[in-house]
Structure formats: C-alpha cells, structure tokens
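Please take a moment with the sequence and the fold before reading on.

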Amino acid sequence: MSTGEGDGEQAERMAFILGLRQRGIRDVAVLRAMELVPRPLFVDPILRRHAYDDVALPIACGQTMSQPSLVATMTEALSVTAEHSVLEVGTGSGYHAAVLSHLAARVVTVDRYRSLVTEAQTRFEVLGLRNVTAFVGDGIQGMPGRAPFDRILVTAAAADIPMALVDQLKFGGIIVMPLGPPEEVQTLVRYEKAQSGRTRTDLMKVRFVPLVPGAAATL
Ligand code: SAH
C-alpha cells in the first residue's frame, strides 16, 4: 500500500489546507494534523481524484467518510491536547482517527465492521501511527477496558448520546456527536461533562450514517 506521497500530492495537500482555512478552520494544530495525513490513502482508488475535494465519499460496507471541512470542525470542537486519551466510535476508513492521532496521546477507535477495522489498522501501520488502535465492537458500549477518556468523538448519528459513553468520559471531558433521526438532518452537538453539571452546545446541521447497535455479523 502506497502512502500516495509525491510532489504532486504535496502540492495538492497544501491547496487542501488553504481550502480548509478559507472555509473558516482556524485551529493551527488541527490544520497541521490534517496536513500530516495523506487522505488518498484512506480513499477508494477509484475516487482518488476526489480525495482532497471537500465532499463526503463512500467507503466499504455502505458507509461514508465525512467531507474534510466537517472532519476539521468536529476536531476543533473536540479541543484535543497532547495529553488526551481519545475514543472514536465509527472507525470507517480510519481517516479521522489518523488526524486525531497527531493531536492526542492515545486514540482508540471502534467499528462494527471487521473489514473496515482491518483496513484502517493497515493504514495506521503504513503511516507508522503507533498511538492509534482500531477494534471491532459495538461502540454504543464504549470501550470499558480502555476507559476513562478525555474526549469522545462519535461519527454516526443516534437520538441520544449512549449512556456508556457518558459514563466512560472523565469530568472535564467533551463528547462531539451528531444527534437526530437516521437518514435525516441531524444536529452536531458538543457535550461537556463537568463536576458541576452537563452542558450541551448545538454546533451545526449535519447528515451522518446511523449508529447501529451490535457488531456486524458479516463483513
Ligand atoms: N470516521 C470515519 C467515518 C465513519 S462512518 C472516517 O474517518 O472514515 C460511520 C461509521 O460508524 C461506519 O463505519 C459504521 O460502521 C460505524 N458504526 C455504526 N454503528 C456503530 C456501532 N454501534 N459501533 C461501532 N461503529 C459503528
């Protein structure tokens, strides 16, 4: 598997970062993390020419990877620092987890499809990302063996934040997740858990694939 790195790819990546800045992404650490991840590696080869376009792209198992500006907005909202332990629910291609791996101490990512997890893990190895691990499982249950987490990112939509995720979040922690009905417009939410109480901030309207209970039986 090639990392897709070459002069042309470098130029594309610079233009990509400029495009994110033009779309209002200001967090320098997030822009740097996105500059470090070669997005073509995470994209179906047939869609290679769209790898740096600001569009959502289909991935295996009927799933979708978000457009880069949304990845950036969600990552900004998560306010990740170098000491943080981060859980991502919804590995998909592994792209967002790879971005997070450049910002956090550790990233654990979980998906219900074994084939997606296997491919993502291979991509992490190709890139030499040692602080990110992908698991097969039901992310609605979180990852009790790896909890607690400073930050939790959910990249699939549900009506409510799963209780297990709130339980596995440290005080002072943040969850970013799309909430709303499946196959319709949802709201991207930033949830903060403090000793003194919980706050919810609605960020923007989004459309994500649904969070589906249980690990997938096939694939
Ligand atoms: N973050 C990904 C895109 C994720 S798409 C990327 O950067 O490419 C949403 C993913 O959530 C899908 O891969 C889907 O299989 C997964 N998913 C849905 N329900 C899940 C669950 N209960 N547990 C774990 N993963 C789930």
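This is a predicted model: local features need pLDDT of at least 70, side-chain atom pairs count only at pLDDT 80 or more; totals for chains, interfaces and linings use all residues.

Residues are numbered from 1 along each chain as its sequence is written, and side-chain values use heavy atoms, with hydrogens and water left out.

The protein has six helices and nine strands, where helices (H or I, at least four residues) and strands (E, at least two) are DSSP runs numbered from the N terminus. The radius of gyration of the protein is 16 Å, close to the 17 Å that the globule rule gives for 219 residues, so the protein is as compact as a globular protein of that length; this radius is taken over C-alpha atoms, and the rule is 2.2 Å times the number of residues to the power 0.38. Along its principal axes, the C-alpha trace spans about 50 × 40 × 35 Å.

Of the 219 residues, 52% are buried, a word that here means under 20% relative accessible area, with exposed meaning over 50% and partly exposed in between (1.4 Å probe, protein chains only). Among contacts (heavy atoms within 4.5 Å) between residues at least 6 apart in sequence, 53% join residues at least 24 apart.

S66 lies in the loop between β2 (63-65) and α3 (68-78), and at 17% relative accessibility S66 counts as buried. Not counting residues up to four places away in sequence, S66 touches R39, V55, A56, V71 and F208.

G92 is found in the loop between β3 (85-89) and α4 (95-101) and is buried, with a relative accessible area of 10%. Although G92 and T64 are 28 residues apart in sequence, their C-alpha atoms are 7.4 Å apart in space. Leaving aside neighbours within four places in sequence, G92 is in contact with I59, D111, L116 and A120.

A51, in turn, sits in the loop between α2 (28-36) and β1 (57-59) and counts as buried at 0% relative accessibility. Beyond residues up to four places away in sequence, A51 touches R39, P40, V43 and L57, and R39 is also among the residues that S66 touches.
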